[in-house]
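The sequence and structure come first.

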Amino acid sequence: MDRTLTDIPTAPNDRVYIVIPLFNDWEALSLLLEKMTKTVAPALRKRFHFLIVDDCSVTNYASLPADTGYSLSIMRLWRNVGHQKAIALGLSYLADQPETHTTIVMDSDGEDQPEDIARLLEASAQKPGQIIFAHRTKRRESRLFRTFYLIYKSVFKLLTGKAITFGNFSVIPPNLLRKLAHVSDIWNNYPGGVIRSRLPYQSVPAERGARLAGTSKMNFVSLILHGLSAISVLMEATAVRILLFCVITAAVSTVVITVVILLRVTDQLIISQGAIYIVFSLFIVILQAFLISLLLVFIVLTYRTQSHFIPAKQYGDFVEQIEKVY
C-alpha cells in the first residue's frame, strides 16, 4: 500500500468507524447523515468516523452535513468495482491502520436505519468476539422483488445448507477486522464471505427502512447476479450437494432401467416401444449426471489450487486517494 495516502484522523480509543459504499448516491448519503444527527445520541455520534467508499461515481457531492460525527473521509477508487468489492476495500484500508476499532458496514441509501446502530453496538458489546448482522424482519420493496428475494434465500439454503437472512448492515469487532480483511471471499460477497470464513457471527432483528432519495440500483438482473455471487462463495458446499443430487438421480434412473428390462424380458411390459424410449431417456439422464459430476469435481479441484485475491494485501491498487472532508 502506498503510505502517502492520507490516514484517517486519530480520535479517542472508543472510536467507531462506519464504512459506507456509494455510487452516485450523494443526495441519499446527505439525508442519511442528517438523519443520524436526529436519531443518534450526540455522545455516540462523537465516536463516529465515516469512511465513504466512492465507487468511482460519475457525480460528486455538492455539500455534506458537517459535525455528523468526529470525522468523515472519502476513499476515491480508480474504477467502479461494485458494491461488495467496495466494502472489501474499505474494510481492508481500515485493517491496514496501526490500530483497529469497532467497524460498522451500512448502505448509503437509508435502508439501513441509523437508529439501529445503537442496538447493533449493544449486541456487539454483549458478544465481543462475534460479527453482528442486522436480520431483516420487514422489507419495503415491491411484492415481485420480495417474491424473488424469497426464492433466492430458498435456493441459497438448498444449495449451500446455510440460511442467509441478512445483508451488509453489520458490526465487526476490532479483533476480527484484520482476519476478515484476509478472507478472499468477501471480495465477491461480504455476507457470504463471513459465512464461509467460519468467523463467529450472530444477527439481531431490524426493520429495513425506506430509500431516502433516488432509485434502487438492485433490479431483477442485479438480484440474480448478487444471488449467484453469494452462492459462488460457498462453491464447495454447493458442488457437493449438486454432486449428491446427480448420484441419486443416476441411481434412481439405474433402478428404473433395471425394472423396465426385467419386465420386458419376462413379457410383463406390453408396450415394448415405450420401454425402449424409457431406457434410452434414463440412460441419457445417467450420462448427463455423470458429466455434471465430473465437471463439478474438476471445478472444485481447480478452485482449491488457485491463488485467490486477498483484499488486505491488494486493496491499494484500487485506491486513488483518501479525501478528508472534516
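## Cysteines

Cys-246 is buried at 6% relative accessibility, where buried means under 20% relative accessible area, exposed over 50% and partly exposed in between (1.4 Å probe, protein chains only). Cys-56, with a relative accessible area of 29%, is partly exposed. The disulfide count is zero, a disulfide being a pair of cysteine sulfur atoms within 2.5 Å.

## Basis of the values

The model is predicted: local features need pLDDT of at least 70, side-chain atom pairs count only at pLDDT 80 or more, and totals for chains, interfaces and linings use all residues. Residues are numbered from 1 along each chain as its sequence is written, and side-chain values use heavy atoms, with hydrogens and water left out.

## Salt bridges

Side chains of opposite charge can pair when their charged atoms come close. The whole structure holds six salt bridges (a side-chain nitrogen of Lys or Arg within 4 Å of a carboxyl oxygen of Asp or Glu). One of them joins Asp-14 to Arg-47, with 3.7 Å between the closest N and O atoms. Asp-14 lies in the segment before β1 (16–22) and Arg-47 in the loop between α2 (42–45) and β2 (48–54), so this pair ties together parts 33 residues apart in sequence. Helices (H or I, at least four residues) and strands (E, at least two) are DSSP runs, numbered from the N terminus.

Glu-111 pairs with Arg-208 at 2.6 Å between the closest N and O atoms. The two sit in the β4–α4 and β7–α8 loops respectively, so parts 97 residues apart in sequence are tied together. Both Glu-111 and Arg-208 are buried.

## Strands β3 and β8

The closest N and O atoms of the Arg-76 and Glu-323 salt bridge are 2.9 Å apart. Arg-76 belongs to strand β3 (residues 71–77) and Glu-323 to strand β8, so the pair links parts 247 residues apart in sequence. Arg-76 is buried, at 8% relative accessible area. A salt-bridge network links Asp-54, Arg-76 and Glu-323.

Gln-321, also in strand β8 (residues 319–324), is 245 residues from Arg-76 in sequence but 5.4 Å away in space, C-alpha to C-alpha. Gln-321 is partly exposed, at 36%.

Tyr-93 is in helix α3 (residues 83–95) and is buried, with a relative accessible area of 2%. Tyr-93 and Gly-316 are 223 residues apart in sequence and 7.9 Å apart in space, C-alpha to C-alpha.
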